[in-house]
Amino acid sequence: MGRGLLILVGGLVIIVGMIQKSITNRLVLFPERTVNYHQEADAQNVANSAMEYGIRELENNQNWDEGFSSNDFMGAEVTLEIFDYEDYNKNNPDIPPNHNIENWDQYTALLVSTAKNKQAEAITEVAVTKNSFSRYTYFTDHEPSNIYFFDGDVMEGPVHTNGQLKIAGSPVFEGFVSSPNNWQGHSGYQNDPQFNGGANFDSHEIEMPDASQLNELKSEAQNGGLSFSGEIFVEFKNNGTAAISERQGNSWGNTITYDLDNYNGVISSSQKIYTKGKLKGQITLHSEDDIEITGDLTYSTDPTKNTNASDLLGLVSEKEVIIDKDAHKDTGSKDLEIHGSIMTLDKSFKVENYRFGDSRGTLKLVGGLQQKERGPVGTFGNGEIQSGFSKSYSYDSRLMQINPPFYPRVSVFSEVYWKEKPVEML
């Protein structure tokens, strides 16, 4: 009995000793881990601060590419590098090999900030790009004083105006809304717009495309696309071709059929373009004058029914995009359907003679509008359409990821991703 008790007591002493040693070891390690954690967090915070500094510089100057380095930035050694498309093409060895840019082009840049303190190194990586205007479901440089978003209006994609949104009632915005100016409510309504996708009414102004981007479109048409110097009529066919005729005096010349697969996706003319048809392929139609839509202008595969559809159309007019007064009659219907992203640089997307005659039915647009100024498509009274078209606009969500060939880009960078790499102890 005494021997057993002695063994038991001895075992307890050993166990207590082991526990005490473990506690002592923990007390030794705890301060060390605390210091390590502090050093890791400090390095990451400095790397992020350097990145935020770089992004602010880039916001103030879109051509800023200097980066910077400092031996004492917030108590750490810091470098910020900017890699552009030229660096990518030249296989610059300093570009991180595990970056997440999928489609690098001349509108894309990668910023990498590195911060080192005495014990840790942290790296933050941010990709930015100048988005295509085609991603906007609605964009205007100026908002007329008499055109409002009303009850029942639903905007599904990104919205931006350099002017001031006019609100009457409770329109719904499902995408992100931005403007340098706060929205203005109609005095005769209880105004409660729903910004479900978020909003920023203190954003930068976004300039419309400048001459250099338009010259790029013309250059692409001349080098791999289709370029014309006179008025043309373009009818897209469901088999991937376009039937194009050029005006000769008061009549149209011979029609030539072009296989769109043989070209780079740009069709341009220095004169007016008339168009309709069913597009199979990806095309940007550019005119230095007006573009006039004379009938349904749709895709071979409807993106509202098949999200894997690949057809894309961009209309870029340096003046206006006009719906011909008889366009709805082309297929014997009162309605008109258009698929694509539409840009007007001089004024508006509008309906010819929208004030005259009876109502024409519904204008269905699947895509987006970017206009110098919002244009009219019909008149309304007593709760119904009086002349022109009623509207049924829906966003083509594919435009958040892909865009028509060489479609103009916005003037400011947007963040694609922000990545903090695992901190390394030195």
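Biologist: Which residue lies over the face of Trp 252?

Modeller: That's Arg 247, at 4.2 Å from the ring centre. Keep in mind that this is a predicted model.

Biologist: And what sits over the ring of Phe 413?

Modeller: The charged end of Lys 130, which is 5.1 Å from the centre of that ring.

Biologist: OK, ring against ring now. How many aromatic pairs are there?

Modeller: The count comes to 16 aromatic pairs. One of them is Tyr 85 with Tyr 88, a stacked pair with 6.3 Å centre to centre and 15 degrees between the planes.

Biologist: Where do Tyr 85 and Tyr 88 lie?

Modeller: Both are in helix H2, residues 85-89. They're three residues apart there, about one turn of the helix.

Biologist: What's the relative accessibility of Tyr 85, and how does it count?

Modeller: Tyr 85 has 29%, so it counts as partly exposed. Tyr 88 is partly exposed as well, with a relative accessible area of 37%.

Biologist: Let's switch to Phe 149 and Phe 173. Stacked or edge-to-face?

Modeller: Edge-to-face, with 70 degrees between the planes and 5.3 Å centre to centre. Phe 149 belongs to strand S6 (residues 149-150) and Phe 173 to strand S10 (residues 172-173), so this pair ties together parts that are 24 residues apart in sequence.

Biologist: Is Phe 149 buried or exposed?

Modeller: Buried, because its relative accessibility is 2% and the cut-off for buried is under 20%. Phe 173 is buried too, at 1%.

Biologist: On to the strands. Why is S3 largely enclosed by the rest of the structure?

Modeller: Because eight of the nine residues in S3, which covers residues 108-116, are buried.

Biologist: How many bridges join S2 to S3?

Modeller: Seven, and the two strands run antiparallel. S2 spans residues 76-83, and its Val 78 has Ala 115 of S3 as bridge partner.

Biologist: What about S3 and S4? How many bridges there?

Modeller: Nine, again antiparallel, with S4 made up of residues 120-129. For Leu 110, the bridge partner in S4 is Ala 127.

Biologist: And how many residues are between S3 and S4?

Modeller: Three, and the two strands form a hairpin.

Methods:
Residues are numbered from 1 along each chain as its sequence is written. This is a predicted model: local features need pLDDT of at least 70, side-chain atom pairs count only at pLDDT 80 or more; totals for chains, interfaces and linings use all residues. Side-chain values use heavy atoms; hydrogens and water are left out. Buried means under 20% relative accessible area, exposed over 50%, partly exposed in between (1.4 Å probe, protein chains only). Helices (H or I, at least four residues) and strands (E, at least two) are DSSP runs, numbered from the N terminus. Two strands pair if DSSP finds at least two bridges between them. Rings of Phe, Tyr and Trp (its six-membered ring) pair if their centres lie within 6.5 Å; planes under 30 degrees apart count as stacked, over 60 as edge-to-face and the rest as tilted. A charge sits over a ring if NZ of Lys or CZ of Arg is within 6 Å of the ring centre and within 35 degrees of the ring normal.
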